[in-house]
Amino acid sequence: MERRFADVVIELALGDITRVQADAIVTAANSGLRGGGGVDGAVHRAAGPQLLKACRAIGGCDTGSAVITQAYELEERGVAYVIHAVGPVWRGGSSGEAELLKGAYSKSLELADTHECTSVAFPSISTGVYHFPLEQAAPIAVHEAATFAGQRPKHLKRIIFSLFDEKTLGVFSSALEAER
Ligand code: ADP
């Protein structure tokens, strides 16, 4: 499904983010930017070993923020950048998790726009091994995207959520329908 907010279309799709054609794709990284399992493993495999080298050169990223690198081997598929977003590990909800998840999305959106991307693809940050409850994460993700759209970004026209399983797609769909 998709919905338009101001000049920006927010689109939900089922599938592997490394197959999405977007100017930037976002990965759910760890704060050491060391690569990992889940979506981060898939993005590192698709971009090749230079991505980890670029991450090592940066050194790390605060939780609730993001950094941007080239996309290396993903450039052959039309992806210009990888944005490494660091979401929080769920610790029960009273450790600032919601604010940190917001920050990971908003910083990623800002980086995409300042790098003149017209499209950016996100996975569902923190809802895998970081265990952020999906029912709480999806409205935050969608709301940050819609809020950014409302701020009339200069370049960004499409925000895609590439969701890996039906359950995640369903919960994001409800959140997108409910977003005003
Ligand atoms: P985190 O550590 O932030 O929780 P994970 O990678 O464990 O990150 O999971 C985040 C979400 O990404 C989960 O919904 C997971 O199913 C999904 N995911 C895993 N691989 C991919 C992929 N290749 N493309 C898109 N989403 C993926």
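Biologist: How much space lies in the largest pocket?
Modeller: This is a predicted model, in which local features need pLDDT of at least 70 and side-chain atom pairs count only at pLDDT 80 or more, while totals for chains, interfaces and linings use all residues. Residues are numbered from 1 along each chain as its sequence is written, and side-chain values use heavy atoms, without hydrogens and water. A pocket is an open set of points on a 1 Å grid over the protein atoms alone, where a 1.4 Å probe fits, with protein on both sides within 12 Å along at least five of seven lines. With grid points joined across faces, edges and corners, and volume taken as the space filled by probe spheres set on the points, the largest pocket holds about 590 Å³.

Biologist: Which residues of the lining lie nearest the centre of the largest pocket?
Modeller: A lining residue has an atom within 4 Å of a pocket point, and 27 residues line the largest pocket. Those nearest its centre are A28, G38, V39, S124 and G128.

Biologist: Which element gives the largest share of that lining?
Modeller: Helices (H or I, at least four residues) and strands (E, at least two) are DSSP runs, numbered from the N terminus. Two or more residues of the lining come from each of the elements β7 (158–163) and α1 (38–47). The largest share, four residues, is given by α1.

Biologist: How many residues of the lining are charged?
Modeller: Ala, Val, Leu, Ile, Met, Phe, Trp, Tyr, Cys and Pro count as nonpolar, Asp, Glu, Lys and Arg as charged, and the others, Gly among them, as polar. By this scheme the lining of the largest pocket has eleven nonpolar residues and 13 polar residues. The number of charged residues is three.

Biologist: Which residues come nearest the ligand?
Modeller: A residue is near a molecule if one of its heavy atoms lies within 4 Å of it. There are 15 residues around the ligand. The nearest of them are I17, V39, S126, G128 and V129.

Biologist: Which residue has a side-chain N or O atom 3.0 Å from a nitrogen atom of the ligand?
Modeller: A polar contact is a pair of N or O atoms within 3.5 Å; within protein, one must be able to donate a hydrogen and the other to accept it, and residues adjacent in sequence count only if both atoms are side-chain atoms. Backbone N or O atoms of S126 and of G128 each lie 2.8 Å from an oxygen atom of the ligand. The side chain that lies 3.0 Å from a ligand nitrogen belongs to D16.

Biologist: What is the phi of S126?
Modeller: Most residues other than glycine have a negative phi. S126 is in the loop between β6 (119–122) and α4 (134–150), and it is buried at 4% relative accessibility, where buried means under 20% relative accessible area, exposed over 50% and partly exposed in between (1.4 Å probe, protein chains only). S126 is not a glycine, yet its phi is positive, at about 75°.

Biologist: Which loop holds Y72, another residue with a positive phi?
Modeller: Y72 is not a glycine, but its phi is about 50°. Y72 counts as buried, at 18% relative accessibility. Its loop lies between β4 (65–70) and β5 (81–86).

Biologist: Which backbone oxygen does the side chain of T147 reach?
Modeller: T147 is in helix α4 and is partly exposed, with a relative accessible area of 31%. At 2.7 Å, its side chain reaches the backbone oxygen of H143.

Biologist: How far apart are the C-alpha atoms of D113 and H155?
Modeller: D113 is in helix α3 (residues 97–114), and it is buried at 11% relative accessibility. D113 and H155 are 42 residues apart along the chain, but their C-alpha atoms are separated by 5.6 Å.
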